[in-house]
Amino acid sequence: SAGTEPSVFLNTLTPKFYVALTGTSSLISGLILIFEWWYFRKYGTSFIEQVSVSHLRPLLGGVESSTTTGLFSSVNGEAEPRPSVSECKVWRNPLNLFRGAEYSRYTWVTGKEPLTYYDMNLSAQDHQTFFTGDTQQLKLEDTVMQKAWRERNPQARIRAAYQAIEMNHECAAAYVLLAEEEATTITEAERLFKQALRSGKSGKDINLLVYIKRRLAMCARKLGRIKEAVKMMRDLMKEFPLLGMLNIHENLLEALLELQAYADVQAVLAKYDDISLPKSATICYTSALLKARAVSDKFSPEAASRRGLSTAEMNAVEAIHRAVEFNPHVPKYLLEMKSLILPPEHILKRGDSEAVAYAFFHLQHWKRAEGALNLLHCTWEGTFRIIPYPLEKGHLFYPYPGCTETADRELLPSFHEVSVYPKKELPFFILFTAGLCSFTAMLAMLTHQFPELMGVFAKAFFSTLFAPLGFFADKMESFMPSSFWHQLTRI
């Protein structure tokens with residue numbers, strides 16, 4: 001009968017079959033687990049889930065949610081339009097290093113490329129648009145420089161710059177490229193920028209003039225002439241007040257912190273740390289540093305837990321919480337829980353790239369303020385108890401954008417482990433394959449060690465599993481005529 005056929009089949013199976021079955025299952029599930037783990041570490045998502053969402057959902061008639069770019073909940077729970085324009089906008093790093101004098105030296109020593117192609121391509125686009133003259137008709141040397149910025153090979157860019165200088169000895173953009181890429185020291189870069197300034201004064205390209213003066217101020221800062229750099233930056237901000245999007249004030253803040261001119265730092269913050277102006281990690285964390293510096297030298301967690309926080313200490317803690325909410329990646333770099341790399345030429349606000357850029361230049365200022373890092377260490381994680389989970393609302397700022405991880409992976413080199421916030425939980429399929437691999441491996445080991453006993457258990461398990469099918473088949477056979485089964489078998 002139909003009910004005895006499964007039992008006959010099971011009786012013919014040997015223990016070797018069960019060992020081979022469980023071993024093969026364990027191997028396949030292990031390979032899937034390894035691939036899923038690698039894919040999750042590299043791209044931050046499960047491959048199986050991604051394929052299911054992108055391919056199977058449309059086949060099943062599912063529709064992806066279209067509310068991600070619509071409305072979101074504000075602090076008071078009301079629906080507000082999402083600020084999608086600046087949420088994931090990539091900004092030029094105000095303190096970006098010099099390619100020839102700094103980035104290239106890192107490559108010579110380590111053999112690693114600190115800049116990604118995506119980052120350098122953004123810089124090329126910036127230079128093409130920023131250094132194009134006001135006139136519609138470009139000069140011949142300007143056309144050469146337009147092509148020079150697009151060249152991927154550094155030597156090809158340098159050759160094109162010399163070609164432009166041969167056409168016109170007053171081509172300021174060509175000297176800028178040589179200062180950025182060919183100069184191997186800051187002193188040499190400064191000399192070329194001064195030559196570019198002399199050549200650029202005769203032209204009408206304000207953007208190029210501002211860029212050159214800013215880089216000259218940065219050269220002075222790097223060469224130790226900090227007061228001169230501060231004066232140059234102040235003059236530049238006074239001369240071109242409408243170019244606030246260049247964030248020259250962040251260069252000024254860093255130089256003033258190096259001078260330990262904290263009153264001047266506070267004056268700059270009073271102007272730029274305004275609710276109507278865009279924020280940055282430099283603004284938020286510098287404000288926190290000044291408030292922490294006022295109390296950190298005498299701060300003790302034990303004493304604070306006994307007597308409570310004073311008003312000044314409460315202000316410092318709230319400033320740290322505000323800064324951490326804006327960019328939660330910074331504290332691990334300041335506390336040296338994560339290794340620093342050279343900052344990219346472009347950053348994403350509130351992302352890991354901005355955290356790297358800020359900590360690279362400002363870690364020394366936090367170390368100089370006695371006890372500031374200790375106060376940060378004791379209080380920064382308390383921020384996450386204030387922020388609603390799962391981040392559907394913000395506390396002091398808009399909810400943390402979900403696009404930072406993808407952009408940061410494009411901006412930061414592959415050897416850097418990108419910081420992700422909020423910390424992603426392991427996908428279901430990784431946990432499932434891990435459990436399946438462990439279970440089948442255990443079965444394979446037990447079957448190999450105790451073949452007879454596991455064979456009895458396997459036969460009992462499969463007999464129980466097939467029993468409902470056998471019962472159903474017997475009932476169907478009693479209801480259906482025997483000729484029907486005979487015809488069905490022939491078919």
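## Starting from Met167

In which helix is Met167 found? In this predicted model, Met167 belongs to helix 8, which covers residues 154–167. If you click on Met167, you will see a residue that is partly exposed, with a relative accessible area of 37%. Leaving aside neighbours within four places in sequence, Met167 is in contact with Leu140, Glu141 and Val144.

## The overall picture

Stepping back, the protein has 25 helices and 4 strands. Of its 491 residues, 43% count as buried. Among contacts with a separation of 6 or more, 69% are between residues 24 or more positions apart.

Helix 5 (residues 99–110) has Arg99, Gly100, Ala101, Tyr103 and Thr107 as buried residues. What covers them includes helix 6 (117–130), helix 8, helix 9 (172–181) and helix 10 (186–200). Helix 8 is also where Met167 is found.

Now turn to helix 22, residues 404–411, where Thr404, Glu405, Ala407, Asp408 and Leu411 are buried. These residues lie on the same side of helix 22, because they cover an arc of only 165 degrees around the axis.

## The nonpolar cores

The largest nonpolar core has 60 residues, and those with the most contacts inside it are Tyr285, Leu334, Trp366 and Leu376. Helix 15 contributes the largest share of this core, 8 residues. Apart from this core lies another, of 34 residues, among them Phe131, Ala164, Leu197 and Cys219.

Which residues does Leu334 touch, not counting residues up to four places away in sequence? The answer is Tyr285, Tyr358, Ala359, Leu363, Trp366, Leu373 and Leu376. Among these are Tyr285, Trp366 and Leu376, which are listed with Leu334 as having the most contacts inside the core.

## Aromatic pairs

The model contains 3 aromatic pairs. One of them joins Tyr285 and Tyr358, whose ring centres are 5.4 Å apart; the pair counts as tilted because the planes are at 40 degrees. Tyr285 lies in helix 15 and Tyr358 in helix 19 (residues 352–368), so this pair ties together parts that are 73 residues apart in sequence. Both partners are buried: Tyr285 has 1% relative accessibility, and Tyr358 has a relative accessible area of 3%.

Phe360 and Phe361 make another pair, with ring centres 5.0 Å apart and planes at 80 degrees, so this one is edge-to-face. Is Phe361 buried or exposed? Phe361 is buried, because its relative accessible area is 10% and the limit is under 20%. Phe360, at 31% relative accessibility, counts as partly exposed.

## Charges over rings

Two places are worth a look for a charged side chain over an aromatic ring. The charged end of Lys89 sits over the ring of Trp91, 4.4 Å from its centre. Arg293 lies over the face of Tyr262, at 3.8 Å from the ring centre.

## Two loop residues

Glu370 is in the loop between helix 19 and helix 20 (372–379). Glu370 counts as exposed, at 60% relative accessibility. Not counting residues up to four places away in sequence, Glu370 touches Ser296 and Asp297. Arg293, the residue over Tyr262, is 77 residues away from Glu370 in sequence, yet their C-alpha atoms are 7.2 Å apart in space.

Ser280 also sits in a loop, between helix 14 (262–272) and helix 15 (281–293). Ser280, however, is buried, with a relative accessible area of 3%. What does the side chain of Ser280 make a polar contact with? Its partner is the side chain of Glu250, at 2.8 Å. Ser280 touches Phe326, Lys349 and Glu354 as well as Glu250, not counting residues up to four places away in sequence.

Note on methods
Residues are numbered from 1 along each chain as its sequence is written. This is a predicted model: local features need pLDDT of at least 70, side-chain atom pairs count only at pLDDT 80 or more; totals for chains, interfaces and linings use all residues. Side-chain values use heavy atoms; hydrogens and water are left out. Buried means under 20% relative accessible area, exposed over 50%, partly exposed in between (1.4 Å probe, protein chains only). A polar contact is a pair of N or O atoms within 3.5 Å; within protein, one must be able to donate a hydrogen and the other to accept it, and residues adjacent in sequence count only if both atoms are side-chain atoms. Contact means heavy atoms within 4.5 Å. The arc is that of the directions from the helix axis to the C-beta atoms. A nonpolar core is a set of buried Ala, Val, Leu, Ile, Met, Phe, Trp, Tyr and Cys residues joined through side-chain atoms within 4.5 Å. Rings of Phe, Tyr and Trp (its six-membered ring) pair if their centres lie within 6.5 Å; planes under 30 degrees apart count as stacked, over 60 as edge-to-face and the rest as tilted. A charge sits over a ring if NZ of Lys or CZ of Arg is within 6 Å of the ring centre and within 35 degrees of the ring normal.
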